[in-house]
Amino acid sequence: MREAVRKDNVMIMEAPTLAGRQRQDVQIKVEGVHKRFGTAEDAVTALKDINLEISDGEFVCLLGPSGCGKSTLLNAVAGFSPPTEGRITVEGKDVVAPGPDRGMVFQEYALFPWMTVRQNIAFGLELQKRPLAEIDERTEALMHKLKLQDFRDRFPKDLSGGMRQRVAIARVLALNSPIMLMDEPFGALDALTRRSLQDELLRIWAELKKTIIFVTHSIDESIYLADRIIVMTYRPGTVKADVRVEIERPRDSTRAEFNDLKKYLTSLVMKEQERFAEDEGKLAGLRG
Ligand code: ADP
Ligand code: MG
């Protein structure tokens, strides 16, 4: 059984295991993953003994301050950068390279600047040599879904940050990947745009039943979005807590249950933030 802690109205479950869940529900499995950068004295252990099981359709946030290995873990799941030790599987198959089952959305807008909105969205489908009619239909539908139809012929440089991220999301959705990996995708947006894109993402997630791993260092964002929040420690990155969020959506950040969870997560993250700041201080000392 999982250990459940009842904190006022918030049900917090630590370290969920497979108990009570069917094995085939597990879609992404991270087993004994270590990641080291560099060799010998200057080696950095970015990830240490990460074990995670993520179910089909789960919305998981990786939360932690800068430098705790969130991007490293996401890139390992994406197949961009393999772990030094351990194993990652998706649907039982080893991850050895990027694949069409995993779409990635980055913080910086990874759009082609010389392509219009429409061309950017259609690009992956064209690469897959899909029939033209299908490309047209899918691209049109996605532009509607993400409210981009009036911007179809614009170039990325003429779009706001929020619009560009809509295009980046549409581009990943075009490929129909069951898994979306998102690395601080809304980190550079202003608060209102960010909230509207969070709502958009939740709508898409619910409608298309995607599995989402979403990296953020914002506690609020993680509570607003996730079914489950994985709190990571700062260097080496380990799983500090695995917290299930049982608050009904849409979530209201002014409510007590939201704030209780926020307090709890803040206490966990603060300790890691302090360790990060200490390291920064040491580095500044070395430089100075
Ligand atoms: P986060 O995304 O949580 O901010 P990262 O995954 O980017 O953290 O980095 C985790 C740690 O690994 C950091 O200490 C970082 O300096 C180090 N690191 C990340 N990528 C590399 C790399 N390519 N080479 C060397 N060190 C790296
Ligand atoms: Mg990062």
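Student: In which order do the strands of the open sheet of 6 strands run?

Tutor: Two strands count as paired if DSSP finds at least two bridges between them. Here the order is β8-β9-β10-β5-β11-β12, and the pairing is mixed. The strand names come from DSSP runs numbered from the N terminus: E, at least two residues, for strands, and H or I, at least four residues, for helices.

Student: Why is one side of β8 and of β12 left without a neighbour in the sheet?

Tutor: β8 (102-105) and β12 (239-244) stand at the edges with a single partner strand each, so each has one side without a neighbour there. On average, neighbouring strands in this sheet are turned by 15° against each other, direction ignored. For angles, axes are lines fitted to C-alpha atoms (for helices, over the stretch in contact), and values run from 0 to 180 degrees between N-to-C directions.

Student: Before we go on, what kind of model is this?

Tutor: This is a predicted model: local features need pLDDT of at least 70, side-chain atom pairs count only at pLDDT 80 or more, and totals for chains, interfaces and linings use all residues. Residues are numbered from 1 along each chain as its sequence is written, while chains are lettered from A and ligands numbered from 1 in the order in which they are written.

Student: Do β5 and β10 pair in the parallel or antiparallel sense?

Tutor: Parallel: β5 (residues 59-63) and β10 (residues 211-216) pair over 5 bridges. One bridge to look at joins V60 to I213 in β10.

Student: Which helix packs on that sheet, touching β8 and β9?

Tutor: Contact means C-beta atoms, placed from the backbone, within 7 Å. Helix α4 (residues 161-174) touches β8 and β9 (179-183), and its direction makes about 170° with that of β8.

Student: What is the order in the open sheet of 4 strands?

Tutor: That one goes β4-β3-β6-β7, with antiparallel pairing. β4 and β7 (93-94) are at the edges with a single partner strand each, so one side of each lacks a neighbour in the sheet. β6 (residues 85-90) and β7 pair over 2 bridges, and V90 stands opposite K93 in β7.

Student: Now α1: how many of its residues are buried?

Tutor: Buried means 20 or more other C-beta atoms within 10 Å of the residue's own, with C-beta atoms placed from the backbone; exposed is 12 or fewer, and partly exposed is in between. In α1 (residues 70-78), 9 of its 9 residues are buried. Just after α1, G79 takes a positive phi of about 90°.

Student: What does α1 supply to the shell around ligand 1?

Tutor: α1 gives the largest share, 3 residues.

Methods: Two residues are in contact if their C-beta atoms, placed from the backbone, lie within 7 Å.
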